[in-house]
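Please read these notes alongside the sequence and the model. They concern how the two chains meet.

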2 protein chains.
Amino acid sequence: MKGPSHLSDEGRVVALCGGVGGAKLALGLQHLLGERLTVVVNVADDFEHLGLHISPDLDTVLYTLGGLSDQQRGWGRSDETWNFMEALKEIGGQTWFSLGDRDMAMHVERTRRRLSGETLTAISIDIARRFGIRSNVLPITNNKLSTIVVSTEGELEFQRYFVGRRCEPAVKQIRFRGAESARLTQEVLQALDADDLRLIILCPSNPYLSIDPMLAVPGTTEKLRAARVPVVAISPIIGGQAIKGPTRKIMDELGLEATNREIARHYAGLIDGLIIDTTDAEGAADLGIDVHLAPTLMTELQSKIALAEHALMFGNSLRTKRKGQEKEPLSGGVS
Amino acid sequence: MKGPSHLSDEGRVVALCGGVGGAKLALGLQHLLGERLTVVVNVADDFEHLGLHISPDLDTVLYTLGGLSDQQRGWGRSDETWNFMEALKEIGGQTWFSLGDRDMAMHVERTRRRLSGETLTAISIDIARRFGIRSNVLPITNNKLSTIVVSTEGELEFQRYFVGRRCEPAVKQIRFRGAESARLTQEVLQALDADDLRLIILCPSNPYLSIDPMLAVPGTTEKLRAARVPVVAISPIIGGQAIKGPTRKIMDELGLEATNREIARHYAGLIDGLIIDTTDAEGAADLGIDVHLAPTLMTELQSKIALAEHALMFGNSLRTKRKGQEKEPLSGGVS
């Protein structure tokens, strides 16, 4: 039986992805695309902790695509235990950032391999293979890139803000330290330049904390603008709220309306289409961009696959529509 | 009720100690002496593994004195889990050296603190305090000191020989890399020079692998020779066999008889008396040194305390006997 045309298309897809929310869509995409999917992952949340190099978004993507992520807790590994943390507390160690016993293997081994000279890219590719992940998982850069939250409590490294202070300080500005000198990896460039590329997706991750740091790496926005294939974003906003995480709070603090209009404005010139939740249909035609309506709340696996299908379908329709056209903000339309 | 004289003596005791066997006696001594005991611990088994600084003997002593050691397994912590190792294996990490989840906290935190500039001594003192250990636990040195086993398979770092190769290669020679430039710590010197010191004990650890590296640190043998208090060793040999570990095998390979005579010869000039097992009484009078017979097999806590009492008693008797005498090999005697 031949599948629907958006599935039988043999082209490749690149998805730019942050942590939990983005990884859910990546899992749906992996089910449809397998090795034809490349997930390019934010590393600006990475930090040094207890002498270990920790890559929270890469881990979330690897655990999610490897079928190892915890569904209840919403982060980290399933079947996790916390004896390391308990023992660390006994001897007065820092316990503000929870590290599971199984999760520790990732941090210790990746730190060791980086210190021995391997790149984050090479390590990620190898671990994805060992986890049996069919899709490609790539960090956006092998260079140091750090999200700095300029807040009412001063400058905070991302994890200090996100985990240490539970997003409580009001955000005044967000900076990406190291972005100017960071470089897209050869592997990311190859994925974006692939002849059989069909679609680039911006996952429904936090635009300001998870997608923007990747856009801040020189070359990313140029690649998106010049792409011969559609670029589609999935809005992380449903009914004026973020599904998860501090997106809504941050938008408020930055003086932005928590609306799809604002998300469309934020990505203007970079994307060809925006997927917004079906419940937000009102006014969708006026966003000044092609819009596709779909249920964007991902709970069980089927809803992740369904949203992935919508993204592929939308991408196909945009490709057909704009064959031979210059990529420019269009008048819009809702599908 | 006033206890026996060897317990009511308020003087201090220094015990030089390796891993498991020595730590058992240290636990017995702690019960009798509390803060009047200083355990000086071998660090020549220390090694870097997975980017972590691991101090196996210090950990064994800290876990044992802190009541955290596993009784069945014989090493490591009780209530230990192994999920870190399992996850490490999944991603292709090195698994020849087992690291428990709780145990990992010690390695990660100590590595972090050392890299931040703290000495092994300061870290050990702090962790002992956090474990509620009443006695003093001190590494012999803060400098790098490594036992190298010159074997039929070439030069092996201690843990590679001991754990990695399970003591299988025949030992041709044992060297202590870094010994010449290592320094006794101020804390160890203070313990050995204390005015109220009453006894120095060489624990029933492997003389060649655990005690010798401490004796190789410049100043140790001089301190023992010049000590104004008795130095007593407990033989690790019972009936021509070592209780545990490779002592017997190594003695064979080095062409040494696995006898108390050989142990006495090995420590000649450094010790004033040797405690040997009651079952080895035959010929004890001919060892050329003061000998005390006691059950040296330590199983449950009571046997550890009992052997510790013997050591203190023996020390007292030697002190009385040799008041005002020069420390020289004596004609001997058995108590």
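1. Across the interface of chain A and chain B, ten residue pairs are in polar contact, both residues being at pLDDT 80 or more. A polar contact is a pair of N or O atoms within 3.5 Å; within protein, one must be able to donate a hydrogen and the other to accept it, and residues adjacent in sequence count only if both atoms are side-chain atoms.

2. This is a predicted model, in which local features need pLDDT of at least 70 and side-chain atom pairs pLDDT 80 or more, while totals for chains, interfaces and linings use all residues; side-chain values use heavy atoms, without hydrogens and water. Residues are numbered from 1 along each chain as its sequence is written, and chains are lettered from A and ligands numbered from 1 in the order in which they are written.

3. Four salt bridges are counted between chain A and chain B (side-chain nitrogen of Lys or Arg within 4 Å of a carboxyl oxygen of Asp or Glu). In the one between R102(B) and E86(A), the closest N and O atoms are 2.8 Å apart.

4. Chain A and chain B each give 26 residues to the contact (heavy atoms within 4.5 Å). About 2400 Å² is buried between the two chains, 62% of it from carbon and sulfur atoms; buried area is the accessible area (1.4 Å probe) that two parts lose on being put together, summed over both. E90(A), I91(A) and R102(A) supply 25% of the area that chain A buries against chain B, more than any other three residues.

5. F84(A) touches residues of both chains, among them L50(A), L99(A), D101(B) and V108(B), leaving aside residues up to four places away in sequence.
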